[in-house]
Amino acid sequence: MSSRNRNARPNRNSGSTQGEEAHLWGQIKDDIRTMIEGVNNSNDQLRNIIAQDNYISKNKDSIVDMGAEESKLDSMLRGGVKGTELSKQQIDALYEHVTVLRALVKAREDADAQAAGSSGLAGRDRQMLSSSVRSSSARGAGERERDKENAKEREREKDRDPSVWEFDGGGESPVPSPLGSHTRKLGGGSAGAGSDRSGNRDSVPPRETPTKGDSVPPESIGAGSATAAQRAKVTFFKGQDVVFKPKPTNGNETTDWMLGRVQQVLGEGKSRRYKVQDADPELPPDQRGEFRTSASSMIPLPAAGVELGDLEKGKTVLALYPDSTTFYKAEVMGSDAANGKVSLRFEGEENNVTTQLVDRRFVVEYRN
(Lines give C-alpha, C1' and ligand atoms only; values in the text may rest on other atoms or scores of the structure.)
Protein backbone atom coordinates (compact mmCIF):
# COMPACT_ATOMS: atom_id res chain seq x y z
CA MET A 1 0.00 0.00 0.00
CA SER A 2 1.41 3.40 -0.94
CA SER A 3 2.41 5.61 1.98
CA ARG A 4 0.26 8.65 2.78
CA ASN A 5 1.66 12.03 3.80
CA ARG A 6 -0.77 13.96 5.99
CA ASN A 7 0.75 17.30 4.98
CA ALA A 8 0.29 16.47 1.30
CA ARG A 9 -3.39 15.57 1.55
CA PRO A 10 -5.68 17.36 -0.95
CA ASN A 11 -7.89 20.29 -0.03
CA ARG A 12 -10.76 19.09 2.21
CA ASN A 13 -13.22 21.22 0.22
CA SER A 14 -12.54 19.18 -2.89
CA GLY A 15 -14.38 16.17 -1.46
CA SER A 16 -11.55 13.76 -2.31
CA THR A 17 -10.81 13.04 1.37
CA GLN A 18 -14.37 11.97 2.01
CA GLY A 19 -14.20 9.83 -1.11
CA GLU A 20 -11.05 8.14 0.13
CA GLU A 21 -12.68 7.47 3.51
CA ALA A 22 -15.69 5.87 1.81
CA HIS A 23 -13.39 3.74 -0.35
CA LEU A 24 -11.42 2.58 2.68
CA TRP A 25 -14.59 1.74 4.60
CA GLY A 26 -15.79 -0.41 1.71
CA GLN A 27 -12.40 -2.13 1.63
CA ILE A 28 -12.58 -2.78 5.38
CA LYS A 29 -16.00 -4.47 5.04
CA ASP A 30 -14.60 -6.67 2.25
CA ASP A 31 -11.59 -7.51 4.45
CA ILE A 32 -13.86 -8.56 7.32
CA ARG A 33 -15.89 -10.88 5.11
CA THR A 34 -12.71 -12.43 3.68
CA MET A 35 -11.19 -12.85 7.15
CA ILE A 36 -14.29 -14.61 8.55
CA GLU A 37 -14.36 -16.95 5.58
CA GLY A 38 -10.66 -17.73 6.10
CA VAL A 39 -11.16 -18.46 9.81
CA ASN A 40 -14.07 -20.79 9.03
CA ASN A 41 -11.92 -22.62 6.48
CA SER A 42 -9.14 -22.97 9.06
CA ASN A 43 -11.64 -24.47 11.51
CA ASP A 44 -12.77 -26.98 8.88
CA GLN A 45 -9.13 -27.98 8.32
CA LEU A 46 -8.61 -28.38 12.07
CA ARG A 47 -11.59 -30.73 12.36
CA ASN A 48 -10.23 -32.84 9.48
CA ILE A 49 -6.80 -33.04 11.16
CA ILE A 50 -8.34 -34.16 14.48
CA ALA A 51 -10.47 -36.79 12.72
CA GLN A 52 -7.46 -38.18 10.79
CA ASP A 53 -5.30 -38.27 13.92
CA ASN A 54 -8.03 -40.11 15.86
CA TYR A 55 -8.41 -42.58 12.99
CA ILE A 56 -4.69 -43.40 13.00
CA SER A 57 -4.59 -43.75 16.79
CA LYS A 58 -7.57 -46.11 16.92
CA ASN A 59 -6.60 -48.27 13.93
CA LYS A 60 -2.80 -48.31 14.13
CA ASP A 61 -2.80 -52.12 14.41
CA SER A 62 -5.16 -52.73 11.49
CA ILE A 63 -4.11 -50.06 8.95
CA VAL A 64 -2.42 -51.72 5.98
CA ASP A 65 -0.53 -48.69 4.67
CA MET A 66 0.36 -46.61 7.73
CA GLY A 67 2.79 -44.52 5.68
CA ALA A 68 0.02 -43.32 3.39
CA GLU A 69 -2.21 -42.37 6.31
CA GLU A 70 0.62 -40.48 8.03
CA SER A 71 1.46 -38.75 4.76
CA LYS A 72 -2.19 -37.69 4.48
CA LEU A 73 -2.07 -36.30 8.01
CA ASP A 74 1.17 -34.46 7.24
CA SER A 75 -0.41 -32.90 4.16
CA MET A 76 -3.38 -31.75 6.27
CA LEU A 77 -1.02 -30.20 8.83
CA ARG A 78 0.86 -28.30 6.12
CA GLY A 79 -2.41 -27.06 4.68
CA GLY A 80 -3.47 -25.94 8.16
CA VAL A 81 -0.25 -23.95 8.60
CA LYS A 82 -0.78 -22.25 5.24
CA GLY A 83 -4.36 -21.43 6.15
CA THR A 84 -3.24 -19.92 9.45
CA GLU A 85 -0.62 -17.78 7.71
CA LEU A 86 -3.21 -16.59 5.20
CA SER A 87 -5.60 -15.65 8.02
CA LYS A 88 -2.81 -13.66 9.70
CA GLN A 89 -2.13 -11.76 6.47
CA GLN A 90 -5.83 -10.96 6.13
CA ILE A 91 -5.97 -9.69 9.72
CA ASP A 92 -2.85 -7.53 9.17
CA ALA A 93 -4.40 -6.01 6.03
CA LEU A 94 -7.61 -5.25 7.90
CA TYR A 95 -5.69 -3.61 10.74
CA GLU A 96 -3.72 -1.43 8.31
CA HIS A 97 -6.87 -0.22 6.54
CA VAL A 98 -8.59 0.58 9.85
CA THR A 99 -5.50 2.50 11.06
CA VAL A 100 -5.34 4.62 7.90
CA LEU A 101 -9.09 5.34 8.00
CA ARG A 102 -8.89 6.40 11.63
CA ALA A 103 -6.01 8.78 10.85
CA LEU A 104 -7.92 10.37 7.95
CA VAL A 105 -11.08 10.86 10.01
CA LYS A 106 -9.19 12.32 12.96
CA ALA A 107 -7.27 14.75 10.76
CA ARG A 108 -10.49 15.94 9.12
CA GLU A 109 -12.26 16.35 12.46
CA ASP A 110 -9.30 18.33 13.87
CA ALA A 111 -9.35 20.62 10.84
CA ASP A 112 -13.10 21.17 11.19
CA ALA A 113 -12.76 21.98 14.90
CA GLN A 114 -9.93 24.44 14.28
CA ALA A 115 -11.88 26.19 11.53
CA ALA A 116 -15.02 26.41 13.67
CA GLY A 117 -13.13 27.81 16.68
CA SER A 118 -11.14 30.48 14.86
CA SER A 119 -12.06 33.99 15.97
CA GLY A 120 -10.70 35.55 12.77
CA LEU A 121 -13.28 34.14 10.39
CA ALA A 122 -14.40 36.56 7.72
CA GLY A 123 -18.09 37.33 7.31
CA ARG A 124 -18.32 35.23 4.19
CA ASP A 125 -16.65 32.31 5.96
CA ARG A 126 -19.05 32.61 8.89
CA GLN A 127 -21.97 32.55 6.50
CA MET A 128 -20.61 29.47 4.74
CA LEU A 129 -20.05 27.74 8.10
CA SER A 130 -23.60 28.58 9.21
CA SER A 131 -24.99 27.23 5.96
CA SER A 132 -22.95 24.07 6.40
CA VAL A 133 -24.30 23.60 9.93
CA ARG A 134 -27.90 24.14 8.75
CA SER A 135 -27.32 21.73 5.91
CA SER A 136 -25.89 19.13 8.30
CA SER A 137 -28.87 19.60 10.62
CA ALA A 138 -31.25 19.16 7.72
CA ARG A 139 -29.40 16.04 6.65
CA GLY A 140 -29.52 14.74 10.22
CA ALA A 141 -33.27 15.33 10.40
CA GLY A 142 -33.71 13.56 7.09
CA GLU A 143 -31.63 10.61 8.29
CA ARG A 144 -33.69 10.38 11.48
CA GLU A 145 -36.87 10.25 9.41
CA ARG A 146 -35.38 7.52 7.24
CA ASP A 147 -34.37 5.55 10.36
CA LYS A 148 -37.95 5.78 11.64
CA GLU A 149 -39.30 4.55 8.31
CA ASN A 150 -36.79 1.68 8.28
CA ALA A 151 -37.81 0.70 11.83
CA LYS A 152 -41.47 0.67 10.82
CA GLU A 153 -40.64 -1.44 7.79
CA ARG A 154 -38.80 -3.96 9.98
CA GLU A 155 -41.81 -4.20 12.27
CA ARG A 156 -44.04 -4.83 9.27
CA GLU A 157 -41.62 -7.54 8.09
CA LYS A 158 -41.82 -9.22 11.49
CA ASP A 159 -45.62 -9.23 11.30
CA ARG A 160 -45.52 -10.78 7.83
CA ASP A 161 -42.79 -13.36 8.68
CA PRO A 162 -42.67 -14.55 12.32
CA SER A 163 -39.41 -16.45 11.66
CA VAL A 164 -37.38 -13.23 11.42
CA TRP A 165 -34.51 -13.20 13.93
CA GLU A 166 -35.28 -11.57 17.29
CA PHE A 167 -31.99 -10.36 18.71
CA ASP A 168 -31.69 -8.23 21.81
CA GLY A 169 -27.92 -7.60 21.48
CA GLY A 170 -27.12 -8.48 25.09
CA GLY A 171 -27.97 -12.18 25.11
CA GLU A 172 -29.34 -14.86 22.90
CA SER A 173 -32.56 -14.64 20.92
CA PRO A 174 -34.12 -17.77 19.45
CA VAL A 175 -36.12 -18.12 16.31
CA PRO A 176 -39.48 -19.73 17.16
CA SER A 177 -38.95 -23.45 16.58
CA PRO A 178 -41.14 -25.12 13.95
CA LEU A 179 -41.20 -28.31 16.04
CA GLY A 180 -44.24 -27.43 18.14
CA SER A 181 -45.11 -30.44 20.28
CA HIS A 182 -43.01 -32.78 18.14
CA THR A 183 -41.31 -35.56 20.10
CA ARG A 184 -37.53 -35.30 19.74
CA LYS A 185 -35.61 -38.57 20.00
CA LEU A 186 -32.06 -39.75 19.72
CA GLY A 187 -30.59 -43.21 20.09
CA GLY A 188 -29.74 -44.17 23.68
CA GLY A 189 -30.07 -46.98 26.19
CA SER A 190 -31.26 -47.89 29.66
CA ALA A 191 -29.67 -50.01 32.34
CA GLY A 192 -33.00 -51.70 33.03
CA ALA A 193 -36.74 -51.61 32.52
CA GLY A 194 -39.20 -49.51 34.41
CA SER A 195 -38.11 -45.98 33.54
CA ASP A 196 -41.03 -43.60 33.44
CA ARG A 197 -39.43 -41.70 30.56
CA SER A 198 -38.29 -44.61 28.42
CA GLY A 199 -38.70 -43.82 24.74
CA ASN A 200 -40.80 -40.72 25.36
CA ARG A 201 -39.17 -37.31 25.11
CA ASP A 202 -42.29 -35.56 26.42
CA SER A 203 -42.27 -37.50 29.69
CA VAL A 204 -40.22 -34.92 31.54
CA PRO A 205 -39.34 -35.68 35.19
CA PRO A 206 -41.08 -33.63 37.87
CA ARG A 207 -39.24 -30.46 38.70
CA GLU A 208 -38.86 -29.13 42.20
CA THR A 209 -38.85 -25.41 42.81
CA PRO A 210 -35.14 -24.60 43.23
CA THR A 211 -34.03 -23.08 46.48
CA LYS A 212 -31.68 -20.17 46.71
CA GLY A 213 -28.77 -22.56 47.19
CA ASP A 214 -29.76 -24.59 44.12
CA SER A 215 -29.36 -21.53 41.90
CA VAL A 216 -25.58 -21.84 42.17
CA PRO A 217 -24.22 -24.48 39.76
CA PRO A 218 -22.50 -27.36 41.57
CA GLU A 219 -19.03 -28.57 40.72
CA SER A 220 -18.35 -29.05 37.04
CA ILE A 221 -16.86 -31.96 35.13
CA GLY A 222 -13.44 -30.30 35.01
CA ALA A 223 -11.15 -29.09 37.74
CA GLY A 224 -13.54 -26.33 38.77
CA SER A 225 -16.69 -24.51 37.81
CA ALA A 226 -16.35 -21.74 35.25
CA THR A 227 -17.77 -18.34 36.06
CA ALA A 228 -20.27 -16.65 33.74
CA ALA A 229 -17.54 -14.26 32.56
CA GLN A 230 -15.20 -17.17 31.78
CA ARG A 231 -17.92 -19.06 29.92
CA ALA A 232 -18.65 -15.96 27.82
CA LYS A 233 -15.01 -15.97 26.62
CA VAL A 234 -15.25 -19.55 25.26
CA THR A 235 -15.39 -19.58 21.47
CA PHE A 236 -17.09 -22.16 19.28
CA PHE A 237 -16.60 -23.05 15.62
CA LYS A 238 -18.87 -23.96 12.72
CA GLY A 239 -19.92 -27.62 12.80
CA GLN A 240 -19.18 -28.11 16.51
CA ASP A 241 -21.61 -30.21 18.58
CA VAL A 242 -22.84 -28.31 21.64
CA VAL A 243 -25.39 -28.30 24.42
CA PHE A 244 -27.38 -25.05 24.34
CA LYS A 245 -30.30 -23.46 26.15
CA PRO A 246 -32.74 -21.40 24.03
CA LYS A 247 -33.94 -18.12 25.45
CA PRO A 248 -37.58 -18.23 26.64
CA THR A 249 -40.02 -16.44 24.35
CA ASN A 250 -41.92 -15.04 27.36
CA GLY A 251 -41.32 -14.46 31.04
CA ASN A 252 -43.41 -17.43 32.23
CA GLU A 253 -41.72 -20.00 30.00
CA THR A 254 -38.76 -22.21 30.98
CA THR A 255 -36.51 -23.97 28.50
CA ASP A 256 -34.32 -27.09 28.72
CA TRP A 257 -30.78 -27.71 27.59
CA MET A 258 -30.78 -29.22 24.10
CA LEU A 259 -28.37 -30.99 21.76
CA GLY A 260 -27.38 -28.86 18.76
CA ARG A 261 -24.72 -28.03 16.20
CA VAL A 262 -23.18 -24.64 15.39
CA GLN A 263 -24.25 -23.55 11.90
CA GLN A 264 -22.69 -20.08 11.74
CA VAL A 265 -20.44 -17.75 13.73
CA LEU A 266 -21.73 -14.15 13.77
CA GLY A 267 -19.66 -11.12 14.79
CA GLU A 268 -16.50 -10.81 16.84
CA GLY A 269 -15.49 -10.08 20.43
CA LYS A 270 -18.24 -9.23 22.91
CA SER A 271 -20.80 -9.08 20.10
CA ARG A 272 -20.01 -12.61 18.84
CA ARG A 273 -23.13 -14.77 18.56
CA TYR A 274 -23.82 -18.22 17.14
CA LYS A 275 -26.55 -19.70 14.99
CA VAL A 276 -27.24 -23.18 16.43
CA GLN A 277 -29.48 -25.83 14.84
CA ASP A 278 -31.51 -28.27 16.92
CA ALA A 279 -30.15 -31.82 16.40
CA ASP A 280 -33.56 -33.52 16.18
CA PRO A 281 -32.87 -36.68 14.09
CA GLU A 282 -36.54 -37.19 13.22
CA LEU A 283 -36.70 -34.06 11.08
CA PRO A 284 -34.85 -33.30 7.83
CA PRO A 285 -32.00 -30.81 8.36
CA ASP A 286 -33.86 -28.03 6.52
CA GLN A 287 -36.85 -28.38 8.91
CA ARG A 288 -34.95 -28.35 12.21
CA GLY A 289 -35.29 -25.32 14.46
CA GLU A 290 -32.49 -22.75 14.47
CA PHE A 291 -31.62 -20.41 17.33
CA ARG A 292 -29.30 -17.45 17.76
CA THR A 293 -27.47 -17.65 21.09
CA SER A 294 -24.27 -16.65 22.90
CA ALA A 295 -21.37 -18.55 24.46
CA SER A 296 -22.77 -18.05 27.97
CA SER A 297 -25.76 -20.27 27.03
CA MET A 298 -23.68 -23.01 25.38
CA ILE A 299 -21.60 -25.95 26.62
CA PRO A 300 -19.05 -27.60 24.29
CA LEU A 301 -19.32 -31.35 23.70
CA PRO A 302 -16.11 -33.42 23.42
CA ALA A 303 -15.34 -34.66 19.93
CA ALA A 304 -16.37 -38.24 19.17
CA GLY A 305 -13.62 -40.71 19.97
CA VAL A 306 -11.82 -38.53 22.53
CA GLU A 307 -10.83 -40.43 25.69
CA LEU A 308 -12.56 -38.98 28.76
CA GLY A 309 -11.90 -39.62 32.42
CA ASP A 310 -14.21 -41.40 34.86
CA LEU A 311 -16.68 -39.38 36.92
CA GLU A 312 -16.84 -39.51 40.69
CA LYS A 313 -19.87 -41.30 42.09
CA GLY A 314 -22.41 -38.83 43.51
CA LYS A 315 -21.37 -35.97 41.20
CA THR A 316 -24.21 -33.80 39.87
CA VAL A 317 -24.11 -33.49 36.09
CA LEU A 318 -26.14 -32.48 33.05
CA ALA A 319 -26.77 -35.50 30.80
CA LEU A 320 -28.58 -36.45 27.61
CA TYR A 321 -31.69 -38.44 28.47
CA PRO A 322 -31.89 -41.70 26.46
CA ASP A 323 -34.05 -41.59 23.30
CA SER A 324 -34.17 -37.79 23.34
CA THR A 325 -32.12 -34.70 22.47
CA THR A 326 -32.70 -33.00 25.83
CA PHE A 327 -30.27 -32.75 28.75
CA TYR A 328 -31.44 -33.04 32.38
CA LYS A 329 -29.92 -32.89 35.84
CA ALA A 330 -28.66 -36.28 37.04
CA GLU A 331 -26.49 -37.95 39.68
CA VAL A 332 -23.56 -40.20 38.73
CA MET A 333 -24.07 -43.72 40.10
CA GLY A 334 -21.09 -45.34 38.41
CA SER A 335 -19.08 -45.72 35.18
CA ASP A 336 -18.57 -48.55 32.73
CA ALA A 337 -15.13 -48.02 31.20
CA ALA A 338 -15.54 -51.04 28.92
CA ASN A 339 -18.28 -49.46 26.81
CA GLY A 340 -17.67 -45.79 27.65
CA LYS A 341 -21.01 -45.23 29.37
CA VAL A 342 -22.03 -43.61 32.65
CA SER A 343 -24.72 -44.97 34.96
CA LEU A 344 -27.02 -42.11 36.00
CA ARG A 345 -30.12 -41.48 38.09
CA PHE A 346 -32.00 -38.54 36.63
CA GLU A 347 -33.82 -35.95 38.70
CA GLY A 348 -37.40 -37.09 39.29
CA GLU A 349 -36.47 -40.78 39.08
CA GLU A 350 -34.97 -41.15 42.56
CA ASN A 351 -37.53 -43.84 43.50
CA ASN A 352 -36.72 -46.03 40.49
CA VAL A 353 -34.60 -49.11 41.16
CA THR A 354 -33.07 -48.89 37.68
CA THR A 355 -30.62 -46.34 36.34
CA GLN A 356 -29.95 -44.97 32.86
CA LEU A 357 -26.81 -45.60 30.79
CA VAL A 358 -25.56 -42.58 28.80
CA ASP A 359 -22.47 -42.21 26.61
CA ARG A 360 -19.70 -40.45 28.53
CA ARG A 361 -19.47 -37.83 25.74
CA PHE A 362 -23.00 -36.63 26.52
CA VAL A 363 -22.41 -36.09 30.25
CA VAL A 364 -21.24 -32.51 30.90
CA GLU A 365 -20.96 -29.98 33.70
CA TYR A 366 -24.19 -29.13 35.47
CA ARG A 367 -25.69 -25.69 34.88
CA ASN A 368 -29.16 -24.34 35.60
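Me: Is Arg78 buried or exposed in this structure?
Reply: Happy to start there! This is a predicted model, so the answer rests on computed values. A residue counts as exposed when its relative accessible area is over 50%. Arg78 has 55% relative accessibility, so Arg78 counts as exposed.

Me: Which side chain does Arg78 meet in a salt bridge?
Reply: The general idea is to look for a side-chain nitrogen of Lys or Arg within 4 Å of a carboxyl oxygen of Asp or Glu. Here Arg78 is paired with Asp74, at 2.9 Å from N to O. Asp74 is partly exposed, because its relative accessible area is 36%.

Me: Where do Arg78 and Asp74 sit in relation to each other along the helix?
Reply: Both belong to helix H2 (residues 66-117); they are four residues apart, which means a separation of about one helical turn.

Me: How many salt bridges does the structure hold?
Reply: There are 10 salt bridges in the structure. Let's go through two others, both in helix H1.

Me: Which residue forms a salt bridge with Arg33?
Reply: That is Asp30, with 2.4 Å between the closest N and O atoms. Arg33 and Asp30 are three residues apart in helix H1 (residues 16-58), so about one helical turn separates them. As for accessibility, Arg33 counts as exposed because its value is 53%, while Asp30, at 35%, counts as partly exposed.

Me: And what is the partner of Asp44 in its salt bridge?
Reply: Asp44 pairs with Arg47, and their closest N and O atoms are 2.0 Å apart. Both residues lie in helix H1, again three residues apart, about one turn of the helix. Asp44 is partly exposed, with a relative accessible area of 28%, and Arg47 is partly exposed too, with 23%.

Methods. Residues numbered from 1 in each chain as written. Predicted model: local features only at pLDDT ≥ 70, side-chain atom pairs only at ≥ 80, totals over all residues. Heavy atoms only, no water. Buried < 20%, exposed > 50% of the residue type's maximum accessible area, 1.4 Å probe, protein only.
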